[in-house]
Amino acid sequence: MIDVCVSFNAVNFVYYQHAIDAVTVMGPGYKGPNLHAIRGYYLAKAVDEVKIYVESYREILKKTGCKLMADGWTYQKRRTLINFLVYCPKGTVFLKTVDVSNVSKTARLLHQLFKEGVLYVGIENIMHVRD
């Protein structure tokens, strides 16, 4: 963890022990996937799983409606980001992050970004918008 700069908090994540268990079951001599497999096949597989999970919210949104939320912040490298999330009774799901570091943060920009979010979620599913 120290050599590759993985946060010590990683041991608190729900999948940490599962990963340790999975590796130890493989036994001595197990060779993990290489860089190309991880950033190619396994990353694509993880992205597909997340897409399926996000899509599972669509049925709930049709029944209950949702709240589109945005949260802006600036991180250590002085870049300004806006996160867009959807809240419904099933929970909160992340939609996207927009880097607005190099643009003027005007009402017109926010309107356009929220409009894109509303169209993605479906205007008929939006009950409330919050920044």
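Which residues does Val86 touch, not counting residues up to four places away in sequence? The list runs Leu61, Cys66, Lys67, Leu68, Gly91, Thr92, Val93, Leu95 and Val121, where a contact is heavy atoms within 4.5 Å. The model here is predicted, so to speak: local features need pLDDT of at least 70, side-chain atom pairs count only at pLDDT 80 or more, and totals for chains, interfaces and linings use all residues. Residues are numbered from 1 along each chain as its sequence is written, and side-chain values use heavy atoms, with hydrogens and water left out.

Val86 also turns up in the largest nonpolar core, among the residues with the most contacts inside it, along with Cys66, Phe84 and Leu113. A core here means buried Ala, Val, Leu, Ile, Met, Phe, Trp, Tyr and Cys residues joined through side-chain atoms within 4.5 Å, with buried meaning under 20% relative accessible area (1.4 Å probe, protein chains only). This core has 19 residues, and helix 4 gives the most, 5 residues. Helices (H or I, at least four residues) and strands (E, at least two) are DSSP runs, numbered from the N terminus.

The structure holds 1 cavity of 30 Å³ or more. On a 1 Å grid over the protein atoms alone, a cavity is a set of points where a 1.4 Å probe fits but cannot get out, and lining residues have an atom within 4 Å of a point. Val86 is one of the lining residues of the largest cavity, as are Leu61, Val93, Leu95 and Val121. Helix 3 provides the largest share of that lining, 3 residues.

How values were computed:
Buried means under 20% relative accessible area, exposed over 50%, partly exposed in between (1.4 Å probe, protein chains only). On a 1 Å grid over the protein atoms alone, a cavity is a set of points where a 1.4 Å probe fits but cannot get out, and a pocket is an open set with protein on both sides within 12 Å along at least five of seven lines; lining residues have an atom within 4 Å of a point. Grid points are joined across faces, edges and corners, and a volume is the space filled by probe spheres set on the points.
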